[in-house]
Amino acid sequence: MRWTRRLRLCAAGAVVASALFSPPAAQAAEQSDGGLTDLVNPFIGTQNEGNTFPGVAVPFGMVQFSPDTGHNTGYDYTQHRIRGFSLVHLSGVGCAIGGDLPVLPAVGDVTETDYARYAATFDHTDEQASPGYYRVGLGGGIEAELTATERAGVQRYTFPATDKANVLLNAGQSLHRNVSSEVEILDDRTVRTQITGSGFCRSTRPYTVYTVTRFNRPFTAHGTWYQDSITRDATTSSGPGRNGAYVTFDTTKDRAVEATTALSYVDARGAEVNLRATHERSFADVREAARRAWEDRLDDVRVQGGDETRRRTFYSSLYRSFLAPNIGSDADGRYTGWDQRVHRAVGFTYYQNWSLWDTYRTQVQLLSLLAPRQARDMAISLLKVDEQGGWLPKWGYGTVETNIMSGDPVTPFLTHAYHQGLLKGYEERVYRALRKNADGVPPADTMYVGRESNREYLANGFAPYIKDSPYHKPGDSDYHHGGSVTLEYALSDAMLARMARDLGHDADAERYAARSRSYRHLLDPSTGFFRARDASGAFAGPADPANSEGFHEGTAWQYQWLVPQDLPGVVGLIGGRKAANDRLDAFFAYDRLTADPAGTARDVWVNGPYDYYHADKYNPQNEPDLIAPYTYLSTGQPWKTTDVVHAALTLFTDGPTGMTGNDDLGTMSAWDVLSSIGIFPVQPGYPTWGLTTPVFDRVDLVLDRAHYPRGRLTITAPGTSDRERYTQGVRVDGTAYERTYVTTDTLRRLGTLEFTVGARPSGWGTAPDAAPPALT
């Protein structure tokens, strides 16, 4: 059925027009070929602060072309006005960044320059999205369609019959803080911009992006605006604040207008190079190429079993896991390094956008399995950040450091790459960069903070919690989070110790291994929990672990398990396996969980997207707790890991609210994928994979033969279900296997990993030597 609804186009000088709306289709593309892309719903996480985007990208693409509705990170499903379709978005971040060059079609006279005022209305019943394709009906009878290449966004606008069909290119408004912009109309088909911005949670150093937009036919009129002033026939405009251009087409006969916008972080020539790399393909051809790229990527994982909702949720999470990091080098290999100079990538693709505090726990491991060639280039790119910019990053956006979050997340990221064999030929160079980071503090006149609390940590064995410490660099301060920072430094030291030992740096290995036990300095014997210490060494903040201070986005209850390098040591500090299991059971509300898994997950666990503090329960929506369910593997009760993991998986659904908190560049999505297939990185930074019952009867993984000689791993759990979820036994290539973990070396030799399941817990994995061993 089709019907007509009359809407007022909220664009400058808009006219009232009729618009045709199609039946609801928000979860499927316009066309279906029965492929895996049909199972992906890009709208998952666009409501309730998942902060995902429904627009288009190709795997790891530089461009993420998507609508902005007014939410600080881009798109909010509850809003119904689109300000523009912009080129850059980060999937699932919690701070404003990107949104560069919002472009919007409109009809009528252009009289407004603020995209909050000329925004176009839309309705979800006339909106569709699938990997590589997005379309929406806008007020005024306009249809907008988007697709993308690696470095360009391609758009098609279908207007009503009019001689005032406009495309507005807004260079001066973005999601970030716009510092300045320039716009230039080069000829009757081409518009070029240069946009300088800063932002992301707090101010960063400025960075610049360059764009060039080429239309498929000449426009009939044009103009520019600056602030509130609109100048017809003008070709240039520049300055801070609102700044842009409009071009006008006659669509009385040919109603469709196509345009390609290429992006570069290098210069205007780079944008032209990236534009030429699209070979001026039509919208339809680019859309099909994007769909094929996603089919090829998703096809590396084939699942059987599970219900339709679980499969849709799974493939949607797999899709989001491949959205970042993003290509940073142009088609000619040039890129802007962190020294703000132009370099050329030779023998690798340069990547950027590093949410390391998040991704080191799940997403980097998934990429090392399914995209090892890209994961290798990502690791090399981080090395280049150090070699060209002077230090390793903490949370990098584009060409600058933001210093968001705390601790030392780059170390487990890179040591994992090393242990996966992704750094061949670069091992010593990476090790030197990591050692410099682990043993020092960046110079005060640089943009990096690194291990900001390192001097005190090395001297005293803990990073102090200094609530009111002076802090002058943008971003977060490690001094404000001394409790969690100590745990994070110690984790990283453990991982670096293993790399040092492998490379023959035995003295370093001993030193880092000793430092990895620094977590013990936080144990308050009066409470039995970790507790931050102040600069004098005294325990700081309330004694109640649910109200603790000095833990970044969490409490002492939630951070008590973030010692994956030495869980046997933590269990001993707590009082042994029984005491640890009692505490775990209280943490997960296990008695309630067994009676009502989904209800406990939603009603008892922490479930506010930014609800980080004052809690004594598991927070499945935030990174510090991602490994926590797997702690039961180290306490002799692996069936409880299955109970908790399967309950947490119910929080991932196939609607707009189906994301648990911010996705953080694929971190939560990768947790969903790995936990669903039954292998999880329980010691991030080291190649240890914990085992738990998969939710699918069968999973076939296609692996790169350069790293996994068999080229395929099949994981089976026939009959797995909500009831039949407990592992009775595991077989690796047909041989009984009693451990609750495997290593990457084992995975490389494997062809099959078989789970036998049943309705009750068994004795599998309960022996003391079945648990992942300590690394220290």
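In which sense, parallel or antiparallel, do strand 30 and strand 31 (residues 688-691) pair, and over how many bridges? The two strands pair in the antiparallel sense over three bridges. Strands here are DSSP runs of E with at least two residues, helices are runs of H or I with at least four, and both are numbered from the N terminus; two strands pair if DSSP finds at least two bridges between them. The structure is a predicted model, in which local features need pLDDT of at least 70 and side-chain atom pairs count only at pLDDT 80 or more, while totals for chains, interfaces and linings use all residues. Residues are numbered from 1 along each chain as its sequence is written, and side-chain values use heavy atoms, with hydrogens and water left out.

Strand 33 (residues 712-716) is largely enclosed by the rest of the structure, because four of its five residues are buried. Buried means under 20% relative accessible area, exposed over 50%, and partly exposed in between (1.4 Å probe, protein chains only). Strand 33 runs antiparallel to strand 32 (residues 698-702), to which five bridges join it. With strand 37 (residues 752-758), strand 33 pairs in the parallel sense over three bridges. Thr 714 of strand 33 is the bridge partner of Asp 700, and in strand 37 the bridge partner of Thr 714 is Thr 752.

A search of the whole structure finds 48 salt bridges, a salt bridge being a side-chain nitrogen of Lys or Arg within 4 Å of a carboxyl oxygen of Asp or Glu. One of them joins Arg 156 to Glu 258, with the closest N and O atoms 3.9 Å apart. This pair links distant parts of the chain, with Arg 156 in strand 10 (residues 152-158) and Glu 258 in strand 19 (residues 256-264), 102 residues apart. Glu 258 is buried, at a relative accessible area of 17%.

Lys 384 and Glu 387 form a salt bridge at 3.8 Å, N to O. Both residues lie in helix 7 (residues 372-389), three residues apart, about one turn of the helix. Lys 384 is buried at 16% relative accessibility, whereas Glu 387 is partly exposed at 38%.

Arg 515 and Asp 439 form a salt bridge whose closest N and O atoms are 2.9 Å apart. Arg 515 is in helix 12 (residues 506-515) and Asp 439 in helix 9 (residues 427-439), 76 residues apart. Both belong to a network of salt bridges that also links Asp 408, Arg 435, Arg 451, Asp 493, Asp 508 and Arg 511.
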